[in-house]
Amino acid sequence: MKVSFHGHAVVQVETNGKTILFDPFITGNSLTDLRVEDVKPDVIILTHGHGDHVGDTLELAKKHDALVVGIAELATYLGWQGVRTHGMNIGGSYEFDFGKVTLTPAFHSTGYMTVDEQIIYLGMPAGVVFSAEGKTIYHVGDTALYSDMKLIGDKHAIDLAFIPIGDNFTMGPEDAAAAAKLLQAKTVVPIHYNTFPPIKQDPNRFLELLEAGNGRIMEVGDVIEL
């Protein structure tokens, strides 16, 4: 299994002959190394309905007939736009041919902001536990720190966790380090920082706070093989 990071919260997983793209915010993402015309996902998994996570989902899904997996309301809305979707909800799991997806709570907000200044509610935000080839990845999504992360860590043997550290909209480095301790992942990678001025952070600060010393800063385009 190959796992690569592409700026903000964009994570790509290659496993079981499939390319899976998490939160494909490419257009408008100054930190990413991806180009929409070069990305060919088989599956897109979304943590929630904000624009910096849904990103280029519609264009990519339509162009490549990619399956979009996400919370029920978001999946329904995108299905109305003409893409293949699989809706789920918090606490639910589903075995796909490419791996198992479980949605966990994420304490955040969600909604699509239209050009005429309307906000469309798109269901609860989520984290995503993804398991394939005997390995488990946890994309925590946009969230605050919450104590039930310990339950998630106890239930799942997490090999690699992607944790937001940007503060302002999500956890900051201190709370993210506490989350890492609860999750007990073998390796934790900071995400969702430095894309915009309000979430400017030094990822080394996050690594310094990790009691287990299990942090890794992934530069854009870096790959971890599990």
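Leaving aside residues up to four places away in sequence, Thr 195 touches His 8, Phe 25, Asn 29, Ser 30 and Leu 31, a contact being defined by heavy atoms within 4.5 Å. The structure is a predicted model, in which local features need pLDDT of at least 70 and side-chain atom pairs count only at pLDDT 80 or more, whereas totals for chains, interfaces and linings use all residues. Residues are numbered from 1 along each chain as its sequence is written, and side-chain values use heavy atoms, with hydrogens and water left out.

Thr 195 lies in the loop between β14 and α6; helices (H or I, at least four residues) and strands (E, at least two) are DSSP runs, numbered from the N terminus. Its relative accessibility is 10%, so Thr 195 counts as buried (under 20% relative accessible area, with exposed over 50% and partly exposed in between; 1.4 Å probe, protein chains only). The side chain of Thr 195 forms a polar contact with that of His 8 at 2.6 Å (a pair of N or O atoms within 3.5 Å; within protein, one must be able to donate a hydrogen and the other to accept it, and residues adjacent in sequence count only if both atoms are side-chain atoms).

In helix α5 (residues 173-183), the buried residues are Pro 173, Ala 176, Ala 177, Ala 179, Ala 180 and Leu 183. Viewed down the axis of α5, these residues fall within an arc of 160° and therefore line one face of the helix, the arc being that of the directions from the helix axis to the C-beta atoms. They pack against β12 (135-139), α4 (149-155), β13 (160-164), β14 (187-191) and α6 (203-209). Just after α5, Gln 184 adopts a positive phi of about 60°.

The largest pocket holds about 190 Å³ of space. Of its 13 lining residues, Val 54, Leu 58, Tyr 77, Leu 78 and Tyr 112 are the closest to its centre. A pocket is an open set of points on a 1 Å grid over the protein atoms alone where a 1.4 Å probe fits, with protein on both sides within 12 Å along at least five of seven lines; lining residues have an atom within 4 Å of a point. Helix α3 gives the most to this lining, with three residues. The second largest pocket holds about 150 Å³, and its lining includes His 8 and Leu 31, both of which are also touched by Thr 195.

Notes: Points joined across faces, edges and corners; volume = space filled by probe spheres on them.
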